[in-house]
Amino acid sequence: MNPDVNASLYDSAAQVRWILHLACAVTFMVVMTLLANRLRRPIMHTIAVVWRWQTLVAVNLVCYFYWREVFADYASVRLLGMLTLHVSHFVMAPLLRHMRQLVSQGDTAVAPSSRSLAGWAVLGLFTAVLDQTAKHYFPAAETGLTFVVSRLVSAFPYAYALWPTDTNAIGTFNVLRDAGFTGRALRVALIARVVALAIDLVVRVTPWSVETAAMLTAMVVAVNLSALVLFGTLLLFVALEHERAVTARQSAELYAAKLRESHSRRLESLGGLAGGVAHDFNNILTVVVSAADAAREVASSPALLQAELDAISEAGRQGTALTRQLLDFARHKPMSVEQFDSTVVLQRMRPICERVLTAARRLELQVAAVPALTMDVSQFEQVVLNLVVNARDAIESTGLVTIALSAETVTRASATATNLAAGSYVRLAVRDSGCGIPADGLPRIFDPFVTTKEARGGTGLGLATVQRVARENGGDVFVESTLGVGTMIEVWLSATPPSGP
């Protein structure tokens, strides 16, 4: 030690230094504890624990410099102070290392276990015992040993946090990688503490004149306090920047998850569209195939052959209309809306419906005068064909399918009960004498992809399409069914002219 350095001057400076050190440590400890309790991030919790140990060290050294006589007179108090200094700094070492791992690896970094921290505490206890043993055998060097060992112990946790990790299989170091600016800021904070303690050690062990020693002592106090404030400020910055990065990453992951969900829904919609197209084209092809078969059988009769060819032509026209709908959908074009007489369309579709039902199932039309509908004609045809196909599939062998058209009026009084707006409607009812629908299956018959005809290639989109078309045109669908008796499906379509030009 430099005998020229005035011990009382150093003690006075140390008293001021450790009072300010304690104030800084308590301030940063409170701030980080509040942030850790609020945001619950591992890095904030780790920093808060580091500041608790820093506060304990500061309290220990404030007591030492203000009540030095007590430490000098009582060996137990002196030993307790020594243990506090060593154990606190050795426990901080893995915590500071874990802090860097959190910055570089994220919140997945594994925190040091209680057993690991206990091992570091035992190591601090061991170094304290060695220090006391050395002072016992070398009393002349007690002052110098106290100062040098205390500075080395104080610098150890910061140096350990900066040190490379364990070596790999080929003997090279795996260095902790700094994660961008946040990692570099933490590294600067750790280096600042090591440099400040190194300056303190150099100033104390190097011979100086009394005047120079006094100036350097004041400088050491200023440097250590500045390094501590810088350390605390950078740790606060690291915690807040880490929180921002984690929040941004979570937001990005949430956005990506929403994109995946949206993409999945689009694929599901596309699958539904493809299934609906397959369903509708299957109905059209059924007419074409059955009419072609019938045409071969009546090829010798021109009149009958003409009727079959007309059915094929009508089915082809419906296929063309369906293709146009798909193209309009793909190009985001509106449907081709026009005003038409639904009775005329239904009469025109009679041959197709009969071909769909086949000869074993009889078709009966009950058509009354109805107001004109304003919608896409192909949608109306699609609704009729889907309902006829469902009626056909409900009848096992022979039976009757009745299609009725009637004009209905919904008043304001009955609008709530029917869930329809008041106005004029065209009611399309298709009744079959089939097997009926179980009561527990009725609530789900309009759900897409729900079908009772899996064995016959049902897609579960026929009634879903009917309901969609009805609701798009201001109406709705109602179902009555009795097991063993049959089913009646009513499609109400608004005949009230749309408002506006």
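Of the 501 residues in the protein chain, 44% count as buried (under 20% relative accessible area, with exposed meaning over 50% and partly exposed in between; 1.4 Å probe, protein chains only). The model is a predicted one, so local features need pLDDT of at least 70 and side-chain atom pairs count only at pLDDT 80 or more, while totals for chains, interfaces and linings use all residues. Residues are numbered from 1 along each chain as its sequence is written, and side-chain values use heavy atoms, with hydrogens and water left out.

The secondary structure comes to 13 helices and 7 strands (DSSP runs numbered from the N terminus: H or I of at least four residues for helices, E of at least two for strands). Contacts (heavy atoms within 4.5 Å) reach across the sequence: among those with a separation of 6 or more, 76% are between residues 24 or more positions apart.

Turning to the sheet, 5 strands form an open arrangement in the order 2-4-5-7-6, with mixed pairing (two strands pair if DSSP finds at least two bridges between them). Strand 2 and strand 6 (476–482) sit at the edges with a single partner strand each, so one side of each has no neighbour in the sheet. From one strand to the next, the twist averages 15° (axes are lines fitted to C-alpha atoms, for helices over the stretch in contact, and angles run from 0 to 180 degrees between N-to-C directions). Helix 10 packs on this sheet, where it touches strand 2, strand 4 and strand 5, and its direction makes about 175° with that of strand 2.

Going through the pairings, strand 2 runs parallel to strand 4 over 7 bridges, and Leu365 stands opposite Ile403 in strand 4. Strand 4 and strand 5 are antiparallel, over 10 bridges; here Thr409 has Ser424 in strand 5 as its bridge partner. Strand 6 and strand 7 also pair in the antiparallel sense, over 7 bridges, with Val479 opposite Ile489 in strand 7. Helix 13 lies across strand 6 and strand 7, at about 140° to strand 6.

Helix 10 itself is kinked by about 45° at Arg350, shortly before the proline Pro351 (the bend at a residue is the angle between axes fitted to the seven residues ending there and the seven starting there). Buried residues of helix 10 include Val345, Leu346, Met349, Ile352 and Val356. Just past the helix, Thr358 takes a positive phi of about 70°.

The largest nonpolar core has 40 residues, and Leu373, Phe380, Val384, Leu387, Ile403, Leu428 and Val491 have the most contacts inside it (such a core is a set of buried Ala, Val, Leu, Ile, Met, Phe, Trp, Tyr and Cys residues joined through side-chain atoms within 4.5 Å). Elements giving two or more residues to this core include helix 10 (342–357), strand 4 (399–410), strand 5 (423–432) and strand 7 (486–494). Helix 11 gives the most, with 9 residues. Leaving aside residues up to four places away in sequence, Phe380 touches Phe340, Ser342, Val345, Leu373, Met375, Leu428 and Leu493. Apart from this core lies another, of 37 residues, among them Cys24, Leu190, Leu234 and Leu235.

Finally, Arg97 is found in helix 4 (residues 75–105). Arg97 is buried, with a relative accessible area of 8%, and its side chain reaches the backbone oxygen of Tyr160 at 2.7 Å.

How values were computed:
Polar contact = N/O pair within 3.5 Å; in protein donor to acceptor, adjacent residues only side chain to side chain.
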